[in-house]
Amino acid sequence: MKKTIKLIIRHIVLALLALFWLIPIIWLVVTSFSAHKGLATNNFFPKQWSFDNYVQLLTRPDTVCNFPAWFKNSMIIGVACCIISTIFVLMVAYAMSCMRFKARKPLMSFMIILGMFPGVLSMIAVYFVLREMGLTDSLLGLIMIYSAGSGMGYLICKGFFDTIPISLRESAKLEGASEFTIFTRIVIPLSKPIIVYTVINSFLAPWMDFVMARLMIKSKNPADWTVAIGLFNMLQKTLISEYFSVFCAGGVVVAIPISILFVIMQKFYVEGITGGAVKG
Amino acid sequence: MKKKVLSLMLVAAMTATLFAGCGNKDEGTTNNTPDTQAPAAEDSQAGGDTAEDPIANLIAATEGTVALDLWCSETPAYQEVMAQIVENFKQTYSEVDFDITIGAQSEAECKDRVLEDVTAAADVYVFADDQVTELVNAGALQPVEATYTYNPSETNSAGAVDAASVDGKLYAYPLTASNGYFLFYDSTVFSEEDVQSWDALLAKANEAGVQVGMEMSGAWYLYGMFSGAGCTLSMNEDQSNSCDWNNETGVAVAEACAKIAADPAFINITDTDFSAKLAEGDCNIKAYVDGTWRSGDIQAAYGDGYAATKLPTFTVNGAQVQQGSYAGYKLVGVNAYSENVGWSMLLAEFISNEASQLAIFEATGEGPANTVAGSSEEVMASPAIAALVAQSPYADPQRVGGKYWDPAATLGKNLAEGTVTDYQAALDEAVAGITAPAE
């Protein structure tokens, strides 16, 4: 009896916590289906439901809301960074984990210390350097910023590579494999879960980033913006009364690529982890 | 060893390109500026006698496509009308290829975005007149010394020209003259006598069971209460403020504000929340202090009862005092760092000419700064513009340092919520904040 009561209390607490955590998201989703375009603070659920916000978002770009262009820009940045950063991270991790060279330890500590400085410190310097190179207002400049330092996030990946038995690599070497062959044929196929983790991470950061994009993209032409800047712009005092529901719809649509990526990758993720566990 | 040499060379090469890059850039700008500025300066002398010549010179001196950036308000109505005006501009000067990009940037924050990096800002931008001093101090505005088609200091109202000038020198082209506030009301509820004073307004509202609104917690609106009663607030040369709101009159004004706010029919509500209520269709606020930008929404909501007038009077020390206000202008400025100063100035001139100002009025309801456009029949027929004109004797230009806004908003919020017990202390605190040295 006592047990049941405890169980009930526990579940009520958890349910409440979940509710608090979910309320903003539920609100975002239901507001995105509101027929009223502005911010309705009087009621939680919209009085009239409509699918028009999504239609407007995707098919009727105007001077305020040019979502297709933003989506395209963000997608280009996200995919490019995802590919470049993943390659960087894997290569750095491989070098740090599997190869032995003189400056390995100092280099590793140096990178960790460097990683402790918040990236925002260098923002202004980065801006002026890229301006001299004429790369502000361009997707290329943003891709460079997001992916250039990504190799420093090698630590988790290196930890994973360390668990791959050395004997595997040694036997490959005896067979005459080069470091590149070992990397691509032996280590990578064994590291699916960590690759999935890296891919998701390196896509998410540029996809959702606001600060850097805002700094680098000085153009006020809506077609040049990324999703984050564009959505933020819709919340301006003069626009919010016409575009808040559209903004919410944008917020929901932004989550779609991430969800798709996660659903596809999750299969491998779980597979990889359990597979690794059995092998020991 | 070999590797070391290689890496050293690489580093050297990188540093070299870095310096080379900077050097080129500098050369580029120094080369560019005289080229583009020279014709504009020459034009000033020639411009007096022959109006067409400078433009012909400009066209002759132009090679290839002229790329210009234009920043104006982010609202769809503004963007559309600007696109139309830019299209007219291209047609007027069809000899030249233009690549004009219209950006969306709210005028209220234009200064901040421009000063982030002046060289990356637009060639031509629209901004609110209170930013003119700081923009000039930062060297971000090209002075209007030479004009091509007309003289903006003559065609626009004196107040607008004054607002666009610093130390008697014109720095921007006046565009609209309606960044002020006044009273909108529903004439099916209130009569013309009712809207003359806050006392009558609130009494009638209580009787009719409706509400009267104003954003008392907004520093911009609160200013009118104090300025109306004769308190002063002004900006010093170093961008700090002088303020005497904590004198006896000020205390009486604060008490009057609190009294208005305490009335059950009064609601302290921001412009954004008010418009949200209007859009929802069940708005019980039948009179509201606001500006021309909201006139469309209010007209739609009040229907036939839509009316506007100057701000009401209120009671200070037993006497009726006319509530004051701010009068603001929107100005078109040309970036001093623009690579194409000549064309930028001509574009700015075109955007702010009489026809364009009328087009903007029709699209957005904002009153023109041009005196001819301002006295046209269409403009005079607009109740909002008429109210603005009626309010204008009691309105002051907005010249105030950045330290004003937060302390004044706090004061307004406390007055609106009725949490103030010691008015003198509250005002002393606010004035101390407002007059704090500028950063």
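Me: What is the crossing of α3(A) and α10(A), left-handed or right-handed?

Reply: The crossing is right-handed; this word applies if the near helix is turned clockwise from the far one by less than a right angle, and left-handed if anticlockwise. The model is predicted: local features need pLDDT of at least 70 and side-chain atom pairs 80 or more, while totals for chains, interfaces and linings use all residues. Residues are numbered from 1 along each chain as written, with chains lettered from A and ligands numbered from 1 in written order.

Me: Which residues of α3(A) and α10(A) meet?

Reply: Among them are A:Ser74 and A:Cys81 in α3(A), and A:Ile195 and A:Trp207 in α10(A). Contact requires C-beta atoms, placed from the backbone, within 7 Å.

Me: What makes β11 and β13 of chain B edge strands?

Reply: The open sheet has 5 strands in the order β11-β8-β12-β7-β13 of chain B, with mixed pairing. Strands pair if DSSP finds at least two bridges between them. β11 and β13 each have a single partner strand, so one side of each lacks a neighbour in the sheet.

Me: How many bridges join β8(B) to β11(B)?

Reply: There are 3 bridges, and these strands run parallel.

Conventions:
Helices (H or I, at least four residues) and strands (E, at least two) are DSSP runs, numbered from the N terminus. Two residues are in contact if their C-beta atoms, placed from the backbone, lie within 7 Å.
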